[in-house]
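Subject: A structure for you to look through

Dear colleague,

Here is the structure I promised to pass on to you.

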Amino acid sequence: MHGNPRLCLSLCRTPTDDLDDQIEAASQAGFTCVELRALALDAFLGPRPLLWLDMLLKQHKVHSLVLNGLTLPLPGYGEYSAYSQAYFLELCTHLDALGGGTIVLQPAEFAREGRGRSAENVRALRTYADLAAPFDVTLAFEFSANSTVSDWEAAQHIVDRAARSNLRLSISTHEWYKSKAEPGDLDTLKPGQLALVHLDSPLPSPSAAATAPEPSPQKEEAARTLALCRQLEAAGFRGPYCIPLDAQPWARIERARAVRQAALDLLKALDVKD
């Protein structure tokens, strides 16, 4: 099912049973890729067969899927580790049956595990990449500033050491800025190493920012996002850029169209064709 879309719509973060309405809104706005939270998928599939979701995605011409909301358990937690692996395998089975896709993994929180857990993260990623290997599933490891893997350099080093062909990287712009990373840090990015980018902040419109008063948060946000996306483009990244859908049910289609247009404006400013 999955290809290489330029844009992906991240659906509501909280578990909800109206996933069908959200997928329809994404489709009507022109998206062919959606990102689902694992708990939202669980809630939707609770009373429904997986085939129902497969038919829904095909009906709305959604060809690519991303699953998010999973924390990478570190080794040594006994029954919890066994449960986490079983749940992960179930998600891989679902995703494979739907045509394949990407699962985003975040590192464990710093407050619980502490820093300096590089070797444990490498072992855990190898375990999960090996579990996913029989399926049409790519893993994307995404650092978080308040976690055991708190910056881009550490995440890249861990993924390099894990050395699995189905394991790549993901970036959240919120965590990127929080970690004080700079666009130049992407100079170490290897071809094909980045699976996706989460544009977590409200998408700036380059044209609107150009007419904003000097200085303004809008101008600063636009300049920062443009600089990061230009560096990504220079490194060969072509998507997907995942954009959040935060809207009340009655406004979802309009909001989805608005964020897609803002993303297209951003890509146009980079002189990259959608």
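Helices (H or I, at least four residues) and strands (E, at least two) are DSSP runs, numbered from the N terminus. Residues are numbered from 1 along each chain as its sequence is written. Please bear in mind that this is a predicted model, in which local features need pLDDT of at least 70 and side-chain atom pairs count only at pLDDT 80 or more, while totals for chains, interfaces and linings use all residues, and that side-chain values use heavy atoms, with hydrogens and water left out.

First, the overall picture. The protein has 11 helices and eight strands, and of its 274 residues 52% are buried, where buried means under 20% relative accessible area, exposed over 50%, and partly exposed in between, with a 1.4 Å probe and protein chains only. Its accessible surface (by the Shrake-Rupley method with a 1.4 Å probe; for residues, only the protein chains shown count as cover) comes to about 12700 Å², and carbon and sulfur atoms hold 52% of that surface. If we take contact to mean heavy atoms within 4.5 Å, then among the contacts with a separation of 6 or more, 82% are between residues 24 or more positions apart.

Pro 5 sits in the segment before strand E1 (7–10), and it counts as buried because its relative accessible area is 14%. Leaving aside neighbours within four places in sequence, Pro 5 is in contact with Thr 32, Cys 33, Ser 64, Arg 238, Gly 239 and Pro 240.

The peptide bond leading from Gly 239 into Pro 240 is cis, with omega near 10°. Most residues other than glycine have a negative phi, and most peptide bonds are trans.

Two residues other than glycine have a positive phi, near 55° in Lys 61 and near 55° in Ala 163. Lys 61 is in the loop between helix H3 (50–59) and strand E3 (64–71), and it counts as exposed because its relative accessibility is 55%. Ala 163 is in the loop between H7 and strand E6 (167–172), and its relative accessibility of 53% makes it exposed as well.

How many disulfides does the structure hold? There are zero, a disulfide being a pair of cysteine sulfur atoms within 2.5 Å. Cys 242 is in no disulfide, and the nearest cysteine sulfur, that of Cys 8, is 3.9 Å away. Cys 8 is buried at 0% relative accessibility, and Cys 242 is buried at 1%.

Ser 147 lies in the loop between strand E5 (137–142) and helix H7 (152–162), and it is buried, with a relative accessible area of 1%. Its side chain reaches the backbone oxygen of Ser 144 at 2.7 Å, and a polar atom of the side chain of Ser 147 is 2.8 Å from the backbone oxygen of Val 149.

Finally, in helix H2 (residues 38–45) the buried residues are Ala 38, Ala 40, Leu 41, Phe 44 and Leu 45. Seen down the axis of H2, these fall within an arc of 160° (taken from the directions from the helix axis to the C-beta atoms), so they line one face of the helix.

Note on methods. A polar contact is a pair of N or O atoms within 3.5 Å; within protein, one must be able to donate a hydrogen and the other to accept it, and residues adjacent in sequence count only if both atoms are side-chain atoms.
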